[in-house]
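Subject: Structure for you to look at

Hello,

Here is the structure we talked about. Please open it next to this email and follow along; the notes on what was found come after it.

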Amino acid sequence: MEFSEYFTIWDQLTPGQQETLSKSCVSRAVKGGATLHGNGTDCTGLLLVRAGQLRAFILSREGREVTLYRLFERDLCLFSASCLLRSIQFDVTVTAEKDTELWVIPADVYRQIMEQSAALANYTNEIMASRFSEVMWLVEQVMWNSMDRRVAVFLLEEAAIEDTGLLHITHERIANHLGTHREVVTRMLRYFQREGMVRLSRGTVELTDRAKLEALRGA
């Protein structure tokens, strides 16, 4: 499929703007685990996902990660173009969680069209508002919710994303998503196992009682 089929407001752009975008964007294919933005890079460009899965996270001074949000097919990542967003004062790292195909849109081209197109400006503001809501939800989770509830929420969301109750994921990766230590996650998962909610084995977590996890999520 072409770029135009994945860019949500393509039909609201002028033919000239469409041509500029299509000529400037670069198609890339990256392997799972690859870093697309971070480590001090300023302006990678905007990332439009064609297929696969990306993860945006921040890193503390102590080296602990916490996931801000994830991106899937047709999602557009703005934070990888930090030069476009002068008010952003924190570093965001974007990595591929799975093998991913995407387009990179140069930030200067995007800015130029956004200054001309009210539709693109509104679309960008909508994305920013959505990402802000996700970050505020994260802050609420960290500040007000217990770790057992946060782990339950993560497991249920991961099961929905992967469409399976058998998750191939390590305790370390779960800890990275939640911004905590691996030992904390291991302790919580063992408690879940004793309560019959999950079954643990090396590199996997199987959800065995979703009703209990749902009850914990809604507690």
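Predicted model: local features only at pLDDT ≥ 70, side-chain atom pairs only at ≥ 80, totals over all residues.

Helices (at least four residues) and strands (at least two) are DSSP runs, numbered from the N terminus.

**The chain as a whole**

The protein chain has seven helices and 11 strands. Its C-alpha atoms fill a box of roughly 60 × 35 × 30 Å, taken along the principal axes. Of its 219 residues, 46% count as buried. Among the contacts in the chain with a separation of 6 or more, 71% are between residues 24 or more positions apart.

**The largest pocket**

The largest pocket has a volume of about 390 Å³. It is lined by 16 residues, and the closest to its centre are T67, L68, Y69, W137 and E157. Which elements each supply at least two residues of this lining? They are strand β5 (65–71) and the helices α3 (118–144), α4 (147–162) and α5 (171–178). The largest share comes from α4, with five residues. Sorted by class, the lining of the largest pocket has nine nonpolar, three polar and four charged residues.

**The aromatic rings**

Two rings count as a pair if their centres lie within 6.5 Å. By this rule there are seven aromatic pairs. One of them is F3 with W103, an edge-to-face pair with 5.5 Å from centre to centre and 90 degrees between the planes.

Are F3 and W103 buried or exposed? The cut-off for buried is under 20% relative accessible area. F3 has a relative accessible area of 4%, so F3 is buried. W103 has 8% relative accessibility and therefore counts as buried.

W103 also pairs with Y6. The ring centres of Y6 and W103 are 5.4 Å apart and their planes are at 55 degrees, so this pair is tilted. Because Y6 lies in the segment before α1 and W103 in strand β8, the pair ties together parts that are 97 residues apart in sequence. Y6 has a relative accessible area of 7%, so Y6 is buried.

Which residues do the ring pairs link into a cluster? The cluster is made of F3, Y6, F7, W10, W103 and Y123.

**Charges over rings**

R74 lies over the face of Y6, at 4.4 Å from the ring centre. Elsewhere in the model, R55 lies over the face of F57, at 4.2 Å from the ring centre.

**One residue in the first segment**

I9 lies in the segment before α1. With a relative accessible area of 6%, I9 is buried. Not counting residues up to four places away in sequence, I9 touches A119, L120 and Y123. Of these, Y123 is also one of the residues in the ring cluster. The C-alpha atoms of I9 and R150 are separated by 35 Å, and the two residues are 141 residues apart along the chain.

Regards

Definitions and conventions. Residues numbered from 1 in each chain as written. Heavy atoms only, no water. Phe/Tyr/Trp six-rings, centres within 6.5 Å; stacked < 30°, edge-to-face > 60°. Buried < 20%, exposed > 50% of the residue type's maximum accessible area, 1.4 Å probe, protein only. Lys NZ or Arg CZ within 6 Å of the ring centre and 35° of its normal. 1 Å grid on protein atoms, 1.4 Å probe; cavity = no way out; pocket = protein on both sides within 12 Å on 5 of 7 lines; lining within 4 Å. Points joined across faces, edges and corners; volume = space filled by probe spheres on them. Nonpolar A, V, L, I, M, F, W, Y, C, P; charged D, E, K, R; others polar. Contact = heavy atoms within 4.5 Å.
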